[in-house]
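Trainee: I'm new to this one and could use a guide. Can you walk me through how to read it, one feature at a time?

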Amino acid sequence: MSPDPLKPGAIIGILGGGQLGRMIALAAARLGLRSHIYCPDAQSPAFDVAYAHTIAAYDDEAALAAFAEAVDVVTYEFENVPARTAEIIAARAPLFPDARALATSQDRIVEKSFLRDAGVAVAPFAAVDIPDDLAAAMAITGLPAILKTRRFGYDGKGQRKVDTPSELAAALAELGGRDCILEGLVPFVMEVSAIVVRAQSGDCHVYDIGENVHVHHILKETRVPAAISEATNAAAKVLARRIADELGYVGVLGVEMFVVRDATGERLLVNELAPRVHNSGHWTEDGAVTSQFENHARAIAGWPIGSVRTIAPTRMDNLIGFEADAWEKILSDPTARLHLYGKSEARAGRKMGHVNYVSLPDHK
Ligand code: AMP
């Protein structure tokens, strides 16, 4: 049963103090909702914009319990929230998205099996729990393939592309020799994502599909609309909605997909679920009627979802590492909508901010 809708002034608890938590807190504040951030890192970017914060470890049961008692609802900004942490919270406060969404997205085998059972196309895959599983897995996926750790992979970490059986054996050893998934290599022409938001009432909306460009496995750019057919755009939205409905999901969910083109046209394969606001949805802050952050806050508060309509074609550029040092140059373009995360120190590969360009003439 859904809790009663929160009232303005209520407190949203957010596990994780990075930029995603910061942007949820900013959007929530505009709605008169206060945020309490829980993060072990004393330098968390979200602390700057929050009503309250707790600095404690994710396995500090007393601190978690006190945090959950102090807030009206809890959400999170990263999918690797430990199961025990979620359990402690959920015993004391509503947790959205719920433990099932976390469990489904934390383990690539559980995730891919869930998708397949929901009738969603995925790459051929097989579990590799021990080295003896390799031959059978290869028979399912063929080569080339990608070997990934089942858990805790992100931004291309914990995965290896392999072309031969001996490379596969070596890759498994490098990844710890166990608990992996082997996936057939998808010959995609484009990576896209659907950002879907589902309310406690079950009302569900999907933003226009974004086209994503990665550099060194890190998202560099999202363009909306994606350069895909109308039919594929619509099909991606149907898939995203089906996944959110199947999970009984509440909040914003990112669905990463591959677009494959062949003689028969375009096909979609789902790669990964992110049970949280997603980097490829940052364009919605300026390019959509209601941002993903506001809609996430609305959904977990038990409020109605705001329109997900695109205002105009938008491009989001991530500012990675030292790129954010060019903030003055970026601002010299008056159409640039700059978002900086307030991180004290730039490091290679670290996401420092992003810029949205709405309806620029050079947008393709
Ligand atoms: P992931 O950690 O699953 O999001 O994968 C990171 C990136 O690796 C994706 O964005 C793709 O560019 C690439 N990738 C992952 N899985 C596959 C696959 N089965 N076939 C082709 N490329 C993949």
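Predicted model: local features only at pLDDT ≥ 70, side-chain atom pairs only at ≥ 80, totals over all residues.

Trainee: Which elements give two or more residues to the shell around the ligand?

Mentor: Those are the strands β6 (145-149), β8 (180-184), β13 (251-262) and β14 (265-274). In total, 16 residues surround the ligand, and the closest are R108, K148, V186, E191 and E272.

Trainee: How do the shell residues divide by type?

Mentor: Five are nonpolar, five are polar and six are charged.

Trainee: Now the bigger layout. What domains is the chain divided into?

Mentor: There's domain 1 (11-95), domain 2 (124-184) and domain 3 (190-358). Taken over C-alpha atoms, the centres of domain 1 and domain 2 are 34 Å apart.

Trainee: And why does the ligand lie between domain 2 and domain 3?

Mentor: Because domain 2 (124-184) and domain 3 (190-358) both give residues to the shell around it.

Trainee: How do I read a helix?

Mentor: An α-helix has 3.6 residues a turn, so residues three or four places apart point the same way. Then check which residues are covered. Helix α5 (residues 108-117) is mostly covered, with seven of its ten residues buried. The buried ones are R108, I109, E111, K112, S113, F114 and L115.

Trainee: What happens at the two ends of α5?

Mentor: At the start, a side-chain oxygen of D107 comes within 2.8 Å of the backbone nitrogen of I109. Just after the helix, G119 has a positive phi of about 80°.

Trainee: Could we try single residues? Is S105 buried or exposed?

Mentor: The cut-off for buried is under 20% relative accessible area. S105 has 11% relative accessibility, so S105 counts as buried. You'll find S105 in helix α4 (residues 99-106). A polar atom of its side chain lies 3.0 Å from the backbone oxygen of A101. Not counting residues up to four places away in sequence, S105 touches E79, E111, L273 and P275. E111 is also among the buried residues of α5.

Trainee: Where is I130, and what is I130 in contact with?

Mentor: I130 sits in the loop between β5 (125-128) and α6 (134-141). Its relative accessibility is 44%, so I130 counts as partly exposed. Leaving aside neighbours within four places in sequence, I130 is in contact with L172 and G177.

Trainee: And how do I compare separation in sequence with separation in space?

Mentor: Take two pairs, C-alpha to C-alpha. I130 and E87 are 43 residues apart in sequence and 30 Å apart in space. S2 and I300 are 298 residues apart along the chain, with 10.0 Å between their C-alpha atoms. S2 is in the segment before β1 (11-15), and at 38% relative accessibility S2 counts as partly exposed.

Definitions and conventions:
Residues numbered from 1 in each chain as written. Heavy atoms only, no water. Near = heavy atom within 4 Å. Helix = DSSP H or I, 4+ residues; strand = E, 2+ residues; numbered from the N terminus. Nonpolar A, V, L, I, M, F, W, Y, C, P; charged D, E, K, R; others polar. Domains from an automatic or database assignment. Buried < 20%, exposed > 50% of the residue type's maximum accessible area, 1.4 Å probe, protein only. Polar contact = N/O pair within 3.5 Å; in protein donor to acceptor, adjacent residues only side chain to side chain. Contact = heavy atoms within 4.5 Å.
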